[in-house]
Amino acid sequence: MRGRLFPVADGWYEWRQDEPSLAGTVLVRVAVGAGGRLVLTGLRIDGTPSAELLRAIPVGRIEAAANAQLAADEVAGSTTAVVRVREAPVGPPPAADIGWEMVEPALAVVRTAAPESVRLRGRPDVFYRRVADVYLEYAQESPRPACDLADQHGVPVSTAHRWVKEARRRGFLPPGRPGKSG
């Protein structure tokens, strides 16, 4: 099941999903919750509410979609959800002080040490931004996005979890909730 949020008015978003389609129009209000994660703060149904319709509303999937498709925007002291604009990375960031290591000391070129603030550790931001994008796509469809990420790249699940943790640390993913995907 895949769905999307469409802005309607005054902070409300319409939830539309592929299968199964909902019998009525579902509108949700999203705000930043504890820990910086986007959560549902309002639910409105246009049409006749029924037990079947209420059971069919995937609240967890809507929150996962909100965190994937929307971003928190702080304007004049209040935090609201706005449509997320993701720039596609064009290439790795330029780093003049990073080069190849050589095993032959006679051919080695002396490099000056980069300041601590400039030193890169591990993979570049472009990699973790892509991990975040793929993880958020999986979180909208699957209850186990890290496992799907690991399967796609042929790595252990613990490696995928480490990538996701680092993407969160670098700010490319919203804070996680224990036991919940997205």
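**Salt bridges and a buried helix**

Let's start with Arg44, which pairs with Asp46 in a salt bridge (a side-chain nitrogen of Lys or Arg within 4 Å of a carboxyl oxygen of Asp or Glu), with 3.8 Å between the closest N and O atoms. Arg44 is partly exposed at 36% relative accessibility, and Asp46 is partly exposed at 38%; that label covers what falls between buried (under 20% relative accessible area) and exposed (over 50%), using a 1.4 Å probe and protein chains only. Keep in mind that this is a predicted model, where local features need pLDDT of at least 70, side-chain atom pairs count only at pLDDT 80 or more, and totals for chains, interfaces and linings use all residues. Residues are numbered from 1 along each chain as its sequence is written, and side-chain values use heavy atoms, leaving out hydrogens and water.

By this rule there are seven salt bridges. Another one joins Arg170 to Glu166, 2.8 Å from N to O. Salt bridges with shared partners tie Asp125, Glu166, Arg169 and Arg170 into one network. Within it, Glu166 is buried at 13% relative accessible area.

Now turn to helix H2, residues 59–69, which is largely enclosed by the rest of the structure because nine of its eleven residues are buried. Helices here are DSSP runs of H or I with at least four residues, numbered from the N terminus. Ala66 sits in H2 and is buried, at a relative accessible area of 0%. Ala66 contacts (heavy atoms within 4.5 Å) Leu5, Val30 and Leu38, leaving aside residues up to four places away in sequence. Leu5 is 61 residues from Ala66 along the chain, yet their C-alpha atoms are 7.1 Å apart.

Notes. Helix = DSSP H or I, 4+ residues; strand = E, 2+ residues; numbered from the N terminus.
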